[in-house]
Amino acid sequence: MQNLSRIQVENVTVTYNGKVALHGATLSLNKGSIAGLVGMNGSGKSTLFKAIMGFVQPTTGRVLINGLPIRQAQKRGLVAYVPQSEEVDWNFPISVSDVVMMGRYGYMNILRIPRNSDRRMVAESLERVQMTPFKDRQIGELSGGQKKRAFLARALAQQGSVILLDEPFTGVDVKTEKAIAELLIELRQQGHTILVSTHDLNSVATFCDQVVFINQTILAYGATQDVFTPENLTRTFGGVMPNVQLNQ
Amino acid sequence: MNAIVQWFVAPIQYDFMLKAVLVSAFVGMVCAVLSCYMTLKGWALMGDAVSHSVTPGVVLAYILNLPFALGAFVFGIGSVLAIGFIKSKTRIKEDTVIGLVFTGFFALGLVLISKNPSNVDLMHILFGNVLGIPMHDIIQTLVIGSITLAIILVLRKDLLLFCFDPTHAQSIGLNTTALYYTLLTLLSLTIVVALQAVGIILVVAMLVTPGAIAYLLSDRFDHMMIFAVISGIFSSVMGTYVSYYLDASTGGCIVVLQTLIFVITMILAPKHGLIARMRKQSIIE
């Protein structure tokens, strides 16, 4: 079991109403890594996310998290998801600490009454993203970066060993981007496996140690210095080399 | 002072008014609790659809001498399944499917009523009859309403998470399909509860307006629930009194009152009201 990787995607094909969204995707990510998921719109990025979260049933292949089938991984809360800002109803009558507490639901009984351990975990998670002063705010009363940090705190409270982030750098300022990147690096050092889908290729080059290229299938993946090449970028973006600094 | 007390006390000397006031208060409470979820989930149209769709079920139940709640429940769930089926199997958009299904069911109900005029009073089904509610219907309303409240009480946090972030709910292993159908079942049950008070046409107001009022008054779900229940019970009870004094439609009075409360709230709500927003705007400028 020790040799198994954190996220293991084996030859996964996903079809929606007869249309292939992802074809024969294979990917393996280890404990303690930050992987940037790079691809165009409609390249299958969100389908891969859904497959890893177990929301779509692959027509072929399988996904294992920590060597466990996806249903068992869900029951244990192993995969945490940080949504894109556009997916969230920011007017919802709910406070920051309520959101973070939702990360603990999987550990509670059916009535979802928090125990002291749950409250402690929420407080710790808020502290780690420096959101303690804002814990009683309604979520709409936060800045772009604070909103991101609130949902990141929920992922921390969930104690998922895998964290998926969908476009974490959209709509946040440079300072927040740096703070999020630092937090992700800290989480990597603690052994989390982080998969980040992003349009920001420069941030991929600077803080992701792994890169995954996707265009209907996984074209290439591996250590950033090995695979973040003009050839792979060009293949991923349909024959066009995007404008990006390659610090090699 | 005495006159005000008298205004409240005199009508409930009559047995039928006492029953009507109590049943209205109960119905107002059950509907208000569910309305919080309906407004946050954006299910007003779904509520409208299910409430109209129960019509043939109610009529058939009367004809077959079954509890009307049973017929209403079967057709309420049936309409939702029909909507889901047509939506997933054809290219037609959801709002079209909803409009198509509920009018179809409702029309079938009208046909059935017109063919059995002696058994069923059209006006009571469409507009409620809380002033003449028989004892067995009261018991039915209380039982179904209590079951509904108990289910919501147990699942309230899961339902809230389902409304707020179904993706997260699914990722921590909650069964979101089950939650979806649970919420729909609660909707059907609540409609059955509310039929007696306000009738099929106005049920949707009971399922939307208290939630909307409370949403403008609060940024916390727990507070929202409290405001909704207060406004729901208040408008139901006062509406019943007003209808007694005006000799006007009870359901109509309840919903008009509710809408008035909404309008006042919309203007005066401390943070999300129109005046508060204008003030905020002028500070910014």
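**A friendly note on a two-chain predicted model**

1. Strands here are DSSP runs of type E with at least two residues, helices are runs of H or I with at least four, and both are numbered from the N terminus. Two strands count as paired if DSSP finds at least two bridges between them.

2. Residues are numbered from 1 along each chain as its sequence is written, and chains are lettered from A and ligands numbered from 1 in the order in which they are written.

3. Back to the sheet, and to one pair of strands. Strand S1 (residues 7-16) of chain A runs antiparallel to S2(A), and seven bridges join them.

4. Angles run from 0 to 180 degrees between N-to-C directions, and axes are lines fitted to C-alpha atoms, for helices over the stretch in contact. Eight of the nine residues of H1(A) are buried, so this helix is largely enclosed by the rest of the structure. Buried means that 20 or more other C-beta atoms lie within 10 Å of the residue's own; exposed means 12 or fewer, partly exposed is in between, and C-beta atoms are placed from the backbone. The buried residues of H1(A) include Leu48(A), Phe49(A) and Ile52(A), and also Lys45(A) and Lys50(A). After H1(A) comes Gly54(A), which has a positive phi near 80°.

5. Chain A as a whole has nine helices and 10 strands. Its radius of gyration is 18 Å, which agrees with the value near 18 Å for a compact globule of 248 residues. That radius is taken over C-alpha atoms, and the globule rule is 2.2 Å times the number of residues to the power 0.38. The C-alpha atoms of chain A fill a box of roughly 50 × 40 × 35 Å along the principal axes, and 42% of the 248 residues are buried.

6. Chain B has 13 helices and zero strands. Its radius of gyration of 20 Å is close to the 19 Å from the globule rule for 285 residues, so chain B is as compact as a globular protein of that length. Of those 285 residues, 48% count as buried. Residues 24 or more positions apart account for 71% of the chain B contacts with a separation of 6 or more; a contact means that two C-beta atoms, placed from the backbone, lie within 7 Å.

7. One helix pair in chain B is worth a visit. Helix H5 (residues 68-89) and helix H6 (residues 94-115) of chain B pack at an angle of about 145°, with their axes 9 Å apart. Residues in this contact include Phe75(B) and Ile83(B) from H5(B), and Val101(B) and Phe105(B) from H6(B). The residues of the contact divide into nine nonpolar, one polar and two charged. Ala, Val, Leu, Ile, Met, Phe, Trp, Tyr, Cys and Pro count as nonpolar, Asp, Glu, Lys and Arg as charged, and the others, Gly among them, as polar.

8. Also in chain B, Lys19(B) sits in helix H2 (residues 15-41). Lys19(B) counts as partly exposed because it has 18 C-beta neighbours inside 10 Å. Leaving out residues up to four places away in sequence, Lys19(B) touches Ile133(B) and Ile138(B). Lys19(B) and Ile133(B) are 114 residues apart in sequence, with their C-alpha atoms 7.9 Å apart in space.

9. Finally, how do the chains meet? In the interface, 22 residues of chain A are in contact with 18 residues of chain B. On the chain A side, helix H2 (70-75) and strand S6 (79-82) are the elements that give two or more residues, and S6(A) gives the most, with three residues. The residues of this side divide into 13 nonpolar, six polar and three charged.

Methods:
This is a predicted model: local features need pLDDT of at least 70, side-chain atom pairs count only at pLDDT 80 or more; totals for chains, interfaces and linings use all residues.
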